[in-house]
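Have a go at each one before reading the solution under it.

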Amino acid sequence: MTMNQVIEYVDRVRPNVFTDEDKYSWLSTLEGLIARRVRQEEPEAMELPRDGDMELSVPHPYDEVYRLYAMAMVDFYNREYDQYNNTAAMFEERLGQYEAWYIRNNPSCNRVNFKNVN
């Protein structure tokens, strides 16, 4: 999935007044957070909108995180907090699923998939 595909989808299912530049910024931030949080890598700098057709790093079927994140940001900035909470919860669930998959399938990853274990 590319940023341009995410933006086209979000504009279709959640019409909004935000610019493509706003959405590029949100998605670029998310891509950086995923690089650091999940893969423990330094994020690559993106040149937007030129890089809008580059493939994003999270593979199918976990790539829904990009759509959910962008829709959550639309909801947040529109002050639709109930909708934001629902979309953000779905985003966090999908991101957690991707993170668990990544840890299981990347032997070089030195992280473990445990939370709140004493």
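**Exercise 1.** Find the element that holds Thr87, decide whether Thr87 is buried or exposed, and list what Thr87 is in contact with once its neighbours within four places in sequence are left aside.

*Solution.* Keep in mind that this is a predicted model.
- Step one: Thr87 is in helix α4.
- Step two: its relative accessible area comes to 3%. Buried means under 20%, so Thr87 is buried.
- Step three: leaving aside the neighbours within four places in sequence, the contacts of Thr87 are Arg14, Leu68, Met71, Ala72 and Asp75.
- Step four: pick Met71 and check the spacing. Thr87 and Met71 are 16 residues apart in sequence, and their C-alpha atoms are 7.1 Å apart in space.

**Exercise 2.** Work out how α3 and α4 are oriented to each other, then say which residues meet.

*Solution.* Two packed helices are described by the angle between their axes and the distance between the axes.
- Step one: α3 covers residues 64-77 and α4 covers residues 81-105; their axes come within 8 Å and cross at roughly 160°.
- Step two: angles over 145 degrees count as roughly antiparallel, and α3 and α4 are therefore roughly antiparallel to each other.
- Step three: for the hand, α3 passes α4 in a left-handed crossing.
- Step four: on the α3 side, look for Glu64, Val65, Leu68, Tyr69, Met71, Ala72, Asp75 and Phe76. They meet Tyr81, Gln83, Tyr84, Thr87, Ala88, Met90, Phe91, Arg94 and Leu95 of α4.
- Step five: sort the residues of this α3 and α4 contact by class, and you get 12 nonpolar, 2 polar and 3 charged.

**Exercise 3.** Find the buried residues of α1, say what covers them, and describe how α1 packs on α2.

*Solution.* 
- Step one: α1 spans residues 3-13, and Met3, Val6, Ile7 and Val10 are buried there.
- Step two: these residues cover an arc of only 95° around the axis, so they sit on the same side of α1.
- Step three: the cover over the buried residues of α1 includes α2 (20-37) and α3.
- Step four: α1 and α2 pack at about 120° with their axes 10 Å apart, which makes α1 oblique to α2.
- Step five: α1 passes α2 in a right-handed crossing. Met3, Asn4, Val6, Ile7 and Asp11 of α1 make the contact with Asp20, Lys23, Tyr24, Leu27 and Ser28 of α2.
- Step six: the class count for α1 with α2 is 5 nonpolar, 2 polar and 3 charged residues.

**Exercise 4.** Time for some backbone: look at the phi of Gln40, the phi of Arg79, and the peptide bond that joins His60 and Pro61.

*Solution.* Most residues other than glycine have a negative phi, and most peptide bonds are trans.
- Step one: Gln40 has a positive phi, near 55°. Gln40 lies in the loop between α2 and α3 and is partly exposed at 46% relative accessible area.
- Step two: Arg79 also isn't a glycine, and its phi is positive, about 60°. Arg79 is in the loop between α3 and α4, where it is exposed with a relative accessible area of 64%.
- Step three: the peptide bond between His60 and Pro61 is cis, with omega about 5°. Pro61 is in the loop between α2 and α3.

**Exercise 5.** Where does Trp101 lie, and which residues is it in contact with, leaving aside neighbours within four places in sequence?

*Solution.* 
- Step one: Trp101 lies in helix α4.
- Step two: its relative accessibility is 27%, so Trp101 counts as partly exposed.
- Step three: with neighbours within four places in sequence left aside, Trp101 is in contact with Pro59 and Tyr62.

Terms used
Residues numbered from 1 in each chain as written. Predicted model: local features only at pLDDT ≥ 70, side-chain atom pairs only at ≥ 80, totals over all residues. Heavy atoms only, no water. Axes fitted to C-alpha atoms, helices over the stretch in contact; angles between N-to-C directions. Helix = DSSP H or I, 4+ residues; strand = E, 2+ residues; numbered from the N terminus. Parallel < 35°, antiparallel > 145°, perpendicular 65-115°, else oblique. Left-handed = near helix turned anticlockwise from the far one by under 90°. Contact = heavy atoms within 4.5 Å. Nonpolar A, V, L, I, M, F, W, Y, C, P; charged D, E, K, R; others polar. Buried < 20%, exposed > 50% of the residue type's maximum accessible area, 1.4 Å probe, protein only. Arc of directions from axis to C-beta.
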